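This report covers the surface, the overall fold and two selected sites of a single protein chain.

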Amino acid sequence: MKNVFLLITMFFCGFINAQETFDVNGTHNKNHNYYAFTNATVFVDYQTKIENATLLIKDGKVEAVGTKINIPKNVVRYNLDGKFIYPSFIDLYSDYGMPEVKKSKTPHYGPQFENKNKQAINWNQAIKPEVEAGKLFTVNDKKADELRKLGFGTVLTHHHDGLMRGTSTFVTLGNEKANLVMLQDNVASHLSFNKGTSTQDYPGSLMGMIALLRQTYYDVDWLFNNTKIDEYNISLNTIVDNWKLPQIFEANDKLNIMRADKIGDEFETQYIFKGKGDEYQRISEIKATEGKLIVPLNFPKAYDVEDPYDALKVNYSIVKHWELAPFNLGIIAENEIDFAITASDLKDKKVFLKNLAKAIKSGLSEESALKALTYNPANFINQYDKVGSLEKGKLANFIIASDNLFAKKTKIYENWIQGKQYVVEDYNVIDAVGNYSLNIAGKTYDLKVKGEPKKLSGNINIINGKDTNKVKVDVKVERQLVSLSFNPSDDYQKGTIRLSGTISSNGGIWDGNGQLPSGEWVKWSAIKGKDDEKKEDKTDEKTDSLIIPKIQYPNMAYGYFDSIPKAETIIIQGSTVWTNEAEGVLQNTDVLLQNGKITAIGKNLSAEGARIIDGKGKHLSAGIIDEHSHIAISRGVNECTQAVTAEVSIADVVNSDDINIYRQLAGGVTASQLLHGSCNPIGGQSALIKLRWGAAPEQMKINDSTSFIKFALGENVKQSNWGEFNTQRFPQTRMGVEQVYYDAFIRAQEYQKKWNAFAALPEKMRASSLAPRIDLEMETLNEILNKQRFISCHSYQQGEINMLMHVGDSMGFTVNTFTHILEGYKVADKMKEHGAGGSTFSDWWAYKYEVNDAIPYNGAIMHKQGVLTAFNSDDAEMGRRLNQEAAKAVKYGGVSEEEALKFVTLNPAKLLHLDHRMGSIKVGKDADVVLWSDNPLSIYAICEKTIIDGVVYFDLDKDADQQKANSKEKARIIEKMIVAKKGGAKTQPAKSKKQKLYHCDTVGE
């Protein structure tokens, strides 16, 4: 090998002189050096391999590659016999060279409503598309070296801060000046669902972040299509300028990928999604997005679970993910989704190659792995003309490896970047490990050498009668030089023997001179045993079967194995049927469910291929509907940061993986309204879902349903109990709450008038006029005024209830439902006159001051006054026993059993405008029914089967079997964790992950 220092010096001079636009302090001599790498196995790209090939590079670029290359006379040759060359890797999700993202340490008292920056940029601090990574980038050789050792040669780097993060720059990992390693700036635009360092309150929830991104896009569209806007917004103009760049969205969650894709679809943008490594859990839905993926190799560590009580702490979903995570990339590839691999999420970057090998062992092909590290990332960002392969004219970015790059024992020797050599491990170092016959002036010892080249150790065995003593030997090897020292303390010598010599025959023969303890010089030699060359480590863990462990839907306790159940033709025979219709309660009656609908009710029903369920002695009711629920929501139930947040929507953040879905199925709940919380007068839009356990979020939503929104009254909205630092947001009094409503709807009317006036302009005049700006908040409020969206209002006291009905009467809207209303009994007549329904708690009272006048007779009194009345849960636990809550209407107020059951079935269906589809057992309605062991109002009644759209989503018998199956499955994986620990795998302490349950007043994510 040529003198490394000389080569580096030559390259340094070449690169210094390449700075055409930078002044140079020194000579301007330019060197044009050729390098030829011969006799190597070269992967020109991920699918083209050439044996015994030559790679020729000049001035940092590939000149030629092949088997018949004409090598110029002035070339520097490297004989790489037996070695492999690959294109260097590319990482698309890096923060290399970026300033550290730090949140302000300045104490933050009270809310911050406005952007503290005074520039002509976006009003919200989390939106910063004007940031250009190219202007922030600095070379950091320490971090670059860390990535070079993994095989990376180029990275796409950006500032990881905010929802819109600006543009990235594409740089090599060379240790030259920034202008020499930067290949292109403004390469891609970056987005996320993370506010970053923004100290501005809004947005305070995931749904708020989604709304802010959507509003920003609408503002961009408005700016793009109008030329007469008075203001200049650098941020929005930057988005317009960069619209055609690749758009990379950090989703970091399988469900967030779908949420981000929905935004992209709305604005005709296809994102590249940066995932989390859990894509396998929703692979069909992710494939349907048609987005490319950037996937990390952050496999979780095994848990230390040898103690059975520690094992109880670890959630079932976590142990399932530990086992399945290595299969993720193979599953993605199998589904023909284009993806790139990133090292970005690894705290310890050293495990990258180890995890990559594990992914290959778990089903990812070597070709797919190489493609995901070279071709795909370059192609995703339109940089394949520069990197990603070793074709003529491209950058000389390549790896020299000892063997097939993905073999376990393979070492990366060098990483050449822009034609410059970076040594990872010197391939000229002789491998001295092995067993030798050591001869010192006729005395023979068996010498064993082990360890790594830079940390060798040796020992010899001295036999004294029946005893064998192991004597340590100090071994040092530097290139062809070797030295040994040891004290045998045997019949030959008692004292230190010191030997020095040279290595020849590829490390097989050592010889030289040495000195005995007496000072006598002797000749010595060591010959490596032919059969003692380095053997494959027999302690390797067994290769996992390529049969992928079962994936559950969702991948957690009680998830369905392999696939979600499908609709069946079902006859429930001989049960007591609570129809909720004029027919009342029918004894010994059959119900036929077919194609997701109720198709027949009567005696002795039959249908070809029907599944028969014996209902004798049991009761069949319509599915329970919860008018007010906060389950199945991701990252925040409240957007508390403004008084009016009508633009946010719970429908954007439905969480299909919430275990409370299954728990409430076990209580007979088939549908729920997922409501925004109650921290502001006008909250967010709600989501109406059926509890289709195992389905994706969009599949849970009730199609063609009416739209609703959450309003709120009371202490929460005026922040009465929020502390002394929360006295700035208007309103702070009940009077102020009323004014918020008037102000909001008056603004909405004025907004609509602008649009009406614009629409009335002649076409030619309209084309040259400034169009009104689409405002998502105002759009939603106008839906209320146009009776396209309906209000469910958090309410307690009669004075506030009267106030909102008066506002509605004067502004032209009707309050659809006063939810968990507790003083409805005082104003039931006025509610009836206004047209409002009441959804209340069965018997809650005195849990805070404003509900001191609540009584358990509230529901019965409203019902008897002709108010459409329902009972709701507003609580994950109570949602599991709403049938028993309904029974309290019988106890408190003497409501009949049939009418009481309607409080949690037909009446909430009517309040939600769903009674044409559900809420009763009637031919033509959805097959949403529950089979009970007893009268559904009885505390002894057990939900045996919950059926939605003809699909049995909960079955008591199968539940018992599934509990056993889950227990067995977890035990199997726990055993694998224990084996992994004993095999030397790093572990983490067992810990439980407690789920956060949302309530009306929950603040934050």
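## Surface and charge

The protein chain has an accessible surface of about 44,300 Å², and carbon and sulfur atoms make up 49% of that area (Shrake-Rupley method, 1.4 Å probe; for residues, only the protein chains shown count as cover). The model is predicted: local features need pLDDT of at least 70 and side-chain atom pairs pLDDT 80 or more, while totals for chains, interfaces and linings use all residues. Residues are numbered from 1 along each chain as its sequence is written, and side-chain values use heavy atoms, leaving out hydrogens and water.

The chain carries 122 positive and 126 negative charges, with mean positions 5 Å apart (Lys and Arg positive, Asp and Glu negative, His and chain ends not counted; placed at NZ of Lys, CZ of Arg, CG of Asp or CD of Glu).

## Overall fold

There are 26 helices and 47 strands in the protein chain (DSSP runs numbered from the N terminus: H or I of at least four residues, E of at least two). Along the principal axes, the C-alpha trace spans about 115 × 80 × 60 Å. Of the 1005 residues, 56% count as buried (under 20% relative accessible area; exposed is over 50%, partly exposed in between, with a 1.4 Å probe and protein chains only).

## Gly196

Gly196 lies in the loop between strand 11 (189-192) and helix 5 (206-225). Gly196 is buried because its relative accessible area is 15%. Its C-alpha atom is 4.5 Å from that of Gly162, 34 residues away along the chain.

## Lys301

Lys301 sits in the loop between strand 14 (293-296) and strand 15 (302-304). Its relative accessibility is 44%, so Lys301 counts as partly exposed.
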